[in-house]
Amino acid sequence: MSQDRRARSVGIGRAHAKAILLGEHAVVYGAPAIALPMVQLTATASAGWSSHAGDARGGLSFTMTGSASRAVVTQASDGLQRLAAAFTERMGVEGRPHLDVILDGAIPPGRGLGSSAANSRAIVLALADLFGRELTDGTVFDLVQTAENLTHGRASGVDAMAVGASAPLLFQAGRAQELAVGCDALFIVADSGTAGSTREAVELLRDGFSRGAGAREQFLRRATQLTEEAQQALAEGEAQELGERLTGYHELLQAAGLSTGRIDAMVGAALGAGSLGAKITGGGLGGCVLALTQPDQAREVARHLHDAGAVQTWVVPLRRLPRHAL
């Protein structure tokens, strides 16, 4: 690519984390899921023209800042090569431009917070900015989803959608809509310090389905009921009802073997401290707990979560958002 065709010297892209309120795993089978954006926890990517193209693998060098392990960096680097190739092919970029990409990812991996999807979205937007390309929401989703399928196997698409959302989303069968919110409250998201594995959790659940006749249908029926009731409680501002559905969904995932001892202890600690409801969030087998609380109880809930083993907590406000404002 000639210098005069380069739109910018550096492209910047950003995305944020997400948490699943209800619907994990069931969403892969077409059931609804509710996702909450965590805009205070971000991934930022910068992409620029490389000055040492000869050393760049596949025409692209990759640097990841933060405390990510070597295994995480290697996996992310491999995924980035494929993502960059998909971007240049989709955008019809001519030649083989050599690029430096730097990713500053504050979202801990393996915690069910959408780190891989957020990193991919930030990189796609950085490349688009660098090449001066306007991307539709659908194109961004397709590129991020391609990377997600390579990382997790069969991805539902909820992460690829939620890491760019500005309000709670209802996601089902590849489509998303913003939800009405009838109350103000807080979510405490607590990191157990242990990474989960979505791929292993999916296989564990699938094995469980294969061992009992009607097990899958029973799981999906209960998951759908809880999610639909939570959606209604959210719209009507019934925080207590919403909290009870969250705890009910935790019990569903716990019965499927997707929780851990530490996660269960953290859920119990949050409920004991006055949380309206608490559950594991994300793929399971580790990761994070999500607890709904009134603002005046938040400090106590967070303290109890730390006492039960949480290594880090984030506060995510739930703001009133009437349907006519969407």
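Rings of Phe, Tyr and Trp, with the six-membered ring taken for Trp, form a pair if their centres lie within 6.5 Å. Keep in mind throughout that this is a predicted model.

**First stop: the aromatic rings**

With that rule in hand, select Tyr29, Phe209 and Phe219, which ring pairs link into a cluster. The structure as a whole holds four aromatic pairs. In one of them, the ring centres of Tyr29 and Phe209 are 5.8 Å apart and the planes stand at 70°, so this pair is edge-to-face, because planes over 60 degrees apart are counted that way. Now follow the chain on either side: Tyr29 sits in the loop between β1 (10-22) and β2 (33-49), while Phe209 belongs to helix α5 (residues 198-211), so the pair ties together parts that are 180 residues apart in sequence.

Are these two residues buried or exposed, or something in between? Tyr29 is partly exposed, with a relative accessible area of 26%, whereas Phe209, at 12% relative accessibility, counts as buried, because the cut-off for buried is under 20%.

Next, select Trp49 and Phe131, whose rings have centres 5.5 Å apart and planes at 85°, so that this pair too is edge-to-face. Trp49 is part of strand β2 and Phe131 is part of helix α2 (residues 115-131), so the pair ties together parts that are 82 residues apart in sequence. Both Trp49 and Phe131 are buried.

**Second stop: Thr281**

Move on to strand β8 (residues 277-281) and select Thr281. Thr281 has a relative accessible area of 1% and is therefore buried. Which backbone atom does the side chain of Thr281 reach? If you show the backbone of Ile20, you will find that the side chain of Thr281 reaches the backbone oxygen of that residue at 2.8 Å. Leaving aside residues up to four places away in sequence, Thr281 touches Ala19, Ile20, Glu24, Arg111, Gly112, Cys288 and Leu290.

Finally, select Ile102, which you will find in strand β4 (residues 99-105). At 40% relative accessibility, Ile102 counts as partly exposed.

Note on methods: Residues are numbered from 1 along each chain as its sequence is written. This is a predicted model: local features need pLDDT of at least 70, side-chain atom pairs count only at pLDDT 80 or more; totals for chains, interfaces and linings use all residues. Side-chain values use heavy atoms; hydrogens and water are left out. Helices (H or I, at least four residues) and strands (E, at least two) are DSSP runs, numbered from the N terminus. Buried means under 20% relative accessible area, exposed over 50%, partly exposed in between (1.4 Å probe, protein chains only). A polar contact is a pair of N or O atoms within 3.5 Å; within protein, one must be able to donate a hydrogen and the other to accept it, and residues adjacent in sequence count only if both atoms are side-chain atoms. Contact means heavy atoms within 4.5 Å. Rings of Phe, Tyr and Trp (its six-membered ring) pair if their centres lie within 6.5 Å; planes under 30 degrees apart count as stacked, over 60 as edge-to-face and the rest as tilted.
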